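Here is a short report on a predicted model.

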Amino acid sequence: MFNATAVTGFILVVFSDVQELQTLCGVLFLVMYLAVLMTNLLIITLITLDLRLQTPMYFFLKNLSLLDVFLVSVPIPNFIVNSLTHNSSISILGCAFQILLMTSFSGGDVFVLTAMSYDRYVAICCPLHYEAIMSGGACVLMAGFSWATGLFFGAIYTATTFSMPLCGSNVIPHFFCDIPSLLRILCSGTLVVIYISFGIGMCLGMSCVICVVISYFYIFSTVLKIPNTKGRSKDFSTCLPHLIVFTIFLSTACFVYLKTSFNSPITDRLLALIYTVLPPALNPVIYSLKNADVKCALRRLLQNVFSRGSLHLTPERVL
């Protein structure tokens with residue numbers, strides 16, 4: 001149960017105490033948030049409407065973009081409102097919802113990225129069995145497992161964290177609620193359950209990393225045996241975007257949640273900002289910058305919208 005007698009709410013630390021700078025930060029975050037929202041929603045729209053993008057790889061990419069939209073929509077709008085109204089307080093219930101949703105969507109991201117690495121492994125190492133292994137039902141099952149497992153761990157972390165009595169200051173040194181910050185104000189004798197749940201989550205996260213590493217070990221071993229340089233380049237071009245996205249997401253998460261005591265408060269807040277905004281912002285860019293399929297789908301969408309006013313995309317005839 002919540003220890004409402006000790007703490008009734010939390011104070012989030014903003015980037016500056018000067019109100020003009022707070023307003024400027026709010027406007028900048030609003031611009032970044034809208035850009036992230038529009039690019040990811042564009043990817044989701046293209047994959048949903050274009051028949052050529054109805055493949056397992058783009059199915060998982062659509063789920064990844066959807067998770068990113070939800071993930072960035074949890075802390076950023078609240079920060080924008082707080083910056084523009086110069087009010088940095090948040091209720092215990094609001095903090096609990098932030099931790100629940102951010103943990104759930106972050107966990108879902110990890111599992112979807114793991115499923116995407118398996119998809120690339122099957123496509124390159126077992127091409128003859130690709131359609132049988134990566135069937136529509138199998139893809140839906142993997143995506144559903146990713147969402148459900150992320151939600152499960154989010155609920156576990158939130159329940160264990162807010163079932164403990166709060167003994168310290170109610171100031172959270174971030175612009176959103178996160179578990180490491182809350183651990184500092186929990187009574188030290190009650191952290192065993194939380195550390196156990198952390199350990200389970202770390203083991204599961206490491207198992208995802210190991211799966212990705214093993215998948216890419218076999219992928220690179222297979223690709224390097226291809227005598228055709230053009231064939232190798234094509235296979236690498238489908239794998240490198242996923243590998244870059246996975247590395248960025250994992251490295252930024254490690255910087256935030258495995259931070260050392262040597263980090264200054266402003267460094268912690270900047271790392272939290274990078275972790276929250278950078279992966280959702282870069283994912284559409286990385287996947288679409290050198291992706292001919294996505295570029296063609298966008299071109300067809302624009303042609304259909306301006307010529308017939310229809311959003312349904314009809315694939316071009318291939319001679």
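## Sheet

Strand β1 (residues 9–12) runs antiparallel to β2, and three bridges join the two. Across this pairing, Ile-11 stands opposite Ser-89 in β2. The sheet is open and has three strands, in the order β2-β1-β3. Its pairing is mixed.

## Nonpolar cores

The largest nonpolar core holds 61 residues. Phe-29, Phe-60, Leu-61, Leu-64, Ile-76, Met-116 and Phe-175 have the most contacts inside it. Helix α4 is the top contributor, giving 10 residues to this core.

Take Ile-76. Beyond neighbours within four places in sequence, Ile-76 is in contact with Phe-29, Tyr-33, Phe-175, Thr-276 and Val-277. Another core lies apart from the largest one. That core has 19 residues, including Phe-10, Leu-12, Ile-92 and Leu-186.

## Cysteines

How many disulfides does a search of the whole structure find? It finds one. Cys-95 is joined to Cys-177, S to S 2.2 Å. The link is left-handed, with -130 degrees about the S-S bond. Cys-95 lies in helix α4 and Cys-177 in the loop between β3 and α7 (179–183), so the bond ties together parts 82 residues apart in sequence. Both cysteines of the pair, Cys-95 and Cys-177, are buried.

Cys-126 counts as partly exposed, at 22% relative accessibility. Cys-139, at 4%, counts as buried.

Note on methods
Residues numbered from 1 in each chain as written. Predicted model: local features only at pLDDT ≥ 70, side-chain atom pairs only at ≥ 80, totals over all residues. Heavy atoms only, no water. Pairing = 2+ DSSP bridges. Helix = DSSP H or I, 4+ residues; strand = E, 2+ residues; numbered from the N terminus. Core = buried A, V, L, I, M, F, W, Y, C linked by side-chain atoms within 4.5 Å. Buried < 20%, exposed > 50% of the residue type's maximum accessible area, 1.4 Å probe, protein only. Contact = heavy atoms within 4.5 Å. Disulfide = S-S within 2.5 Å.
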